[in-house]
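Please read each point beside the displayed structure.

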Amino acid sequence: MHGLDDIGSVAIVVEDVNETPYANDDTVAVKENLGEGVEIYDLDAKDPDTNGLPSSKIKYSIDSVLADGINYVSGETQKAAVQYPSSSFTVNSEDGKVKIGKVTLNHEGVYNRFILNIAMQDEGIPKRVGYMSVMILLKDVNEAPVLPDQSRNLLENSPVDTKVGDKLAFNDVDSGQSHEFSIVTATFSGAKIFKIEGCSGQAFVRLNVDPNTGKSLLNYESSHNVFDLIIKIIDNGIGPDNLFSTGNLKIKLLDAPETPTIQSFDLFVAEHGRRGDTFGTPVRGNDVDLGQRKRLRHSIVYGNAGRCGDSNTC
């Protein structure tokens with residue numbers, strides 16, 4: 001007797017189970033100095049769930065922001081990672097567009113690399129959350145050198161090619177660049193009186209005597225004893241190219257002792273004069289140094305014939 005059997009069908013229904021959205025970690029390079037609100041990245045997460053179902057709808061949020069400091073030339077880490085405020089960047093919860101928030105993006109800064117940890121949450125039951133990270137590298141952008149206002153002192157009547165103090169001090173955050181200096185404008189013909197070495201920023205005396213009058217152009221006692229020069233500094237960087245700035249160089253003349261002068265002239269005396277009689281106008285020398293003329297002392301050096309004329313001073 002044979003066993004009995006039968007054939008039937010079994011329907012296996014695969015129930016949808018909510019699955020976690022995902023996206024690959026990524027790296028993006030952005031220019032330094034970009035401001036708040038600039039879009040720098042567009043997230044595109046995937047969800048295995050059927051498109052159109054609540055379980056496939058993804059909302060984005062920033063989970064955390066880390067920042068560290070690196071040497072972009074050697075790749076070495078110079079500052080360990082620290083937590084940055086989540087407001088440093090923003091992400092649109094619906095479309096995943098990442099924008100700069102309240103943060104300074106400085107290629108030369110202490111913290112110059114950022115890692116955004118992004119949370120991706122769907123609307124399924126139960127809700128699933130996936131994570132991905134975006135590393136933000138900062139591309140160097142040429143920045144203008146800064147030439148602060150400064151002053152130098154110079155002795156009056158200094159000869160041509162005398163250095164006017166130290167080289168000009170300036171700052172440029174971009175490393176490895178060369179700079180060129182030039183005089184733009186100056187008071188009291190200062191652009192003719194002074195020159196500046198283009199490659200170093202060292203100022204020199206260019207002309208110290210007026211070729212027409214023979215008078216000193218560097219005279220402390222004159223009304224033109226302080227010169228203001230507008231100096232331009234330009235770099236050789238690119239992207240953008242050849243940026244520049246200007247600063248004021250104030251050159252102050254210092255008083256230097258100058259030899260008093262006296263002009264030769266004739267005095268006439270009547271014959272038969274007696275010892276101690278005065279005659280003629282008083283002898284007066286001159287000293288261009290301020291305040292010294294009243295302190296001049298006069299004496300007879302030579303030409304006093306006879307024994308009775310003492311070398312009197314007054």
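1. Arg-113 and Asp-68 join their side chains in a salt bridge, with N and O 2.7 Å apart; the term denotes a side-chain nitrogen of Lys or Arg within 4 Å of a carboxyl oxygen of Asp or Glu. Because Arg-113 belongs to strand β7 and Asp-68 to strand β3, the pair ties together parts that are 45 residues apart in sequence. Strands are DSSP runs of E with at least two residues, numbered from the N terminus. Both Arg-113 and Asp-68 are buried, where buried stands for under 20% relative accessible area, exposed for over 50% and partly exposed for the range in between (1.4 Å probe, protein chains only).

2. The model is predicted: local features need pLDDT of at least 70, side-chain atom pairs count only at pLDDT 80 or more, and totals for chains, interfaces and linings use all residues. Residues are numbered from 1 along each chain as its sequence is written, and side-chain values use heavy atoms, with hydrogens and water left out.

3. The whole structure contains 10 salt bridges. One of them connects Glu-36 and Lys-102, at 3.4 Å from N to O. Since Glu-36 sits in the loop between β1 and β2 and Lys-102 in the loop between β6 and β7, this pair ties together parts that are 66 residues apart in sequence. Glu-36 is exposed at 55% relative accessibility, and Lys-102 is exposed at 61%.

4. Glu-94 and Lys-57 also form a salt bridge, their closest N and O atoms being 3.4 Å apart. Glu-94 lies in the loop between β5 and β6 and Lys-57 in the loop between β2 and β3, so parts 37 residues apart in sequence are tied together. Glu-94 is partly exposed at 42% relative accessibility, as is Lys-57 at 40%. A network of salt bridges links Glu-39, Asp-42 and Lys-97.

5. Which residues have the most contacts inside the largest nonpolar core? They are Leu-43, Phe-89 and Ile-136, in a core of 26 residues; such a core is a set of buried Ala, Val, Leu, Ile, Met, Phe, Trp, Tyr and Cys residues joined through side-chain atoms within 4.5 Å. Strand β3 (58–70) is among the strands that each supply at least two residues of this core, and β3 gives the largest share, five residues. Apart from this core lies another, of 18 residues, including Leu-154, Phe-181, Ile-196 and Ala-203.

6. Ile-136 touches Val-28, Val-30, Ile-40, Phe-89, Arg-113, Phe-114 and Leu-116, leaving aside residues up to four places away in sequence. Contact here is defined as heavy atoms within 4.5 Å.

7. Six aromatic pairs are found in the whole structure. Rings of Phe, Tyr and Trp (its six-membered ring) pair if their centres lie within 6.5 Å; planes under 30 degrees apart count as stacked, over 60 as edge-to-face and the rest as tilted. The Tyr-84 and Phe-114 rings, with centres 5.5 Å apart and planes at 75 degrees, are therefore edge-to-face. This pair links Tyr-84 in strand β4 (residues 77–84) with Phe-114 in strand β7, 30 residues apart. Tyr-84 is partly exposed at 23% relative accessible area, whereas Phe-114 is buried at 0%. Ring pairs join Tyr-84, Phe-89, Tyr-111 and Phe-114 into a cluster.

Conventions
Helix = DSSP H or I, 4+ residues; strand = E, 2+ residues; numbered from the N terminus.
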